[in-house]
Amino acid sequence: PPSPPTFATQPKRASCARHSNASFLSVDGAPFIPMGFVASDIVRHGRNHSWYHMRRLSSHGINLLLLHEVGLRLKHDIDIERQLAALDIAFACGIKIVARLQATPSASSSWLDSVLKRRVEQLNSHPALLGFWLGSELSAAEQASIYQVVTNIDARSTHYIFALPPTDGSD
């Protein structure tokens, strides 16, 4: 089987996603209709495993994955090199990735400014990245803190930021 590609060896694919007031996603100016799902256990087993599954998913029309293993998780975090390799593979397969950013409830501002900020900076410029998911089980204030960290780093890009309704019932 062909070996997994790297970002440097692949032709440029969609790299900029935005949401218009007309309520549709676009990637590089063209409408983007997401066909995908939440996935886990694709990245942790290495490049060949990721390459096999993403290529298979792409051949069936999947163009978006929310990968629990890309981003920042509190338990069982995957090293950044493996995450970037998975993004390279997704890029080569024409799949956009939503990275998960998980923080502990009541995470300190120093943790947000160091650990979370560093991870967003490491992933931010990859063309396979569609956006960040702020995790779950967070209050509105905790979501706002993470959102602020991401938007301060990512102010000039057009990445989406996804969030579930806050757990405390506030807006």
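Predicted model: local features only at pLDDT ≥ 70, side-chain atom pairs only at ≥ 80, totals over all residues.
1. The α1 side of the contact consists of Arg47, Ser50, Trp51, Met54, Arg55 and Ser58. The α2 side consists of Ala85, Ala86, Ile89, Ala90, Ala92 and Cys93.

2. Now sort those residues by class. The contact of α1 with α2 has eight nonpolar residues. Two polar and two charged residues complete the list.

3. Next comes the geometry. Two packed helices are described by the angle between their axes and by the distance between the axes. Helix α1 covers residues 47-59, and helix α2 covers residues 80-93. Their packing angle is about 30°, and their axes lie 9 Å apart. Angles under 35 degrees count as roughly parallel, so α1 is roughly parallel to α2.

4. Step back to the whole chain. How many helices and strands does the protein chain have? There are four helices and eight strands. Along the sequence, their order is β-β-β-β-α-β-α-β-α-β-α-β.

5. Look at contacts along the sequence.

6. Finish with burial and surface. The protein chain has 171 residues, and 44% of them are buried. Its accessible surface is about 8,900 Å². Carbon and sulfur atoms account for 54% of that surface.

Notes
Residues numbered from 1 in each chain as written. Heavy atoms only, no water. Helix = DSSP H or I, 4+ residues; strand = E, 2+ residues; numbered from the N terminus. Buried < 20%, exposed > 50% of the residue type's maximum accessible area, 1.4 Å probe, protein only. Areas by Shrake-Rupley, 256 points an atom, 1.4 Å probe, with all protein chains shown as cover. Axes fitted to C-alpha atoms, helices over the stretch in contact; angles between N-to-C directions. Parallel < 35°, antiparallel > 145°, perpendicular 65-115°, else oblique. Contact = heavy atoms within 4.5 Å. Nonpolar A, V, L, I, M, F, W, Y, C, P; charged D, E, K, R; others polar.
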